Amino acid sequence: MGRLLGLGLLLVAAVVATVTIPELRSELAGDGTEGTLTISSCETHTKTHYGTHRRSTELKFSCTGNWSAQDGKATYQDVVVETSSRFESGAKIPVVEVDGTFEQPQDRDPGDDAAILAFCLSVLAVGIYCLLTGFGGRGGPGLAASWQHLPARSVTGPVLGGLFALGALAALVCALVL
């Protein structure tokens, strides 16, 4: 059962990485057409987060307007953009168009996607460990016992541990810094 869990973790890491890499590549390459959205209206949406001791409400805004490219070659009517601020009618804000979707430039930061991809390294390391040792199954070997049965333990142990630590640390740095 632990080996099946390991195979599942490997598949999850592969699928998440496959979905994340094109978006990250697009963000890093700066793909998209820069332009200006002239606001015609903004709607307010609230999202409530419940914690153990308190409740918080997050305000989000959906602003609609007409978008025109900086080079003047393209225009779109009734474009909707999610923003963190409310804008008055007639305000002009920078918006980037990528494959028919519109976002503010600060929403295209690569930090979140890089953190997800780095976390995939940790999931990959745990998946390989479970696949090699059978760890993680009900009634299967515990962590200490499975560590003893790790093939070429003096090599694979540090490699898998390093891969896990690298992925976790890189995900933390990307999420907090980028």
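This dialogue considers how several features of a predicted model may be read.

User: How is the chain divided into domains, and how many Å separate their centres?

Analyst: Domain 1 comprises 1–23 + 111–177, while domain 2 covers 35–107. Taken over C-alpha atoms, the centres of domain 1 and domain 2 are separated by 37 Å.

User: Which residues does the UniProt annotation "transmembrane region" cover?

Analyst: The annotation, from an unreviewed UniProt entry, covers residues 114–135 and 155–177. In the model, residues 114–135 are 91% helix and 0% strand, with end C-alpha atoms 28 Å apart. Residues 155–177 are 100% helix and 0% strand, and their end C-alpha atoms lie 32 Å apart.

User: How is a pair of aromatic rings described?

Analyst: A pair of aromatic rings is described by the distance of the centres and the angle of the planes. In this structure the count comes to five aromatic pairs. Trp67 and Tyr76 form a tilted pair, at 5.7 Å centre to centre and with 45° between the planes. Ring pairs also link Trp67, Tyr76 and Phe102 into a cluster.

User: Is Trp67 buried or exposed, and what is the relative accessibility of Tyr76?

Analyst: Trp67 has a relative accessible area of 2% and is therefore buried, the cut-off being under 20%. Tyr76, at 36% relative accessibility, counts as partly exposed.

User: Where does Glu27 lie, and why does Glu27 count as buried?

Analyst: Glu27 lies in helix H1, which spans residues 2–29. Glu27 counts as buried because its relative accessible area is 11%, against a cut-off of under 20%. Leaving aside neighbours within four places in sequence, Glu27 is in contact with Arg108, Asp109, Pro110 and Asp113.

How values were computed. Residues are numbered from 1 along each chain as its sequence is written. This is a predicted model: local features need pLDDT of at least 70, side-chain atom pairs count only at pLDDT 80 or more; totals for chains, interfaces and linings use all residues. Side-chain values use heavy atoms; hydrogens and water are left out. Helices (H or I, at least four residues) and strands (E, at least two) are DSSP runs, numbered from the N terminus. Buried means under 20% relative accessible area, exposed over 50%, partly exposed in between (1.4 Å probe, protein chains only). Contact means heavy atoms within 4.5 Å. UniProt positions are given in the numbering used here, feature names are shortened, and annotations may be inferred rather than shown by experiment. Domain bounds come from an automatic or database domain assignment. Rings of Phe, Tyr and Trp (its six-membered ring) pair if their centres lie within 6.5 Å; planes under 30 degrees apart count as stacked, over 60 as edge-to-face and the rest as tilted.
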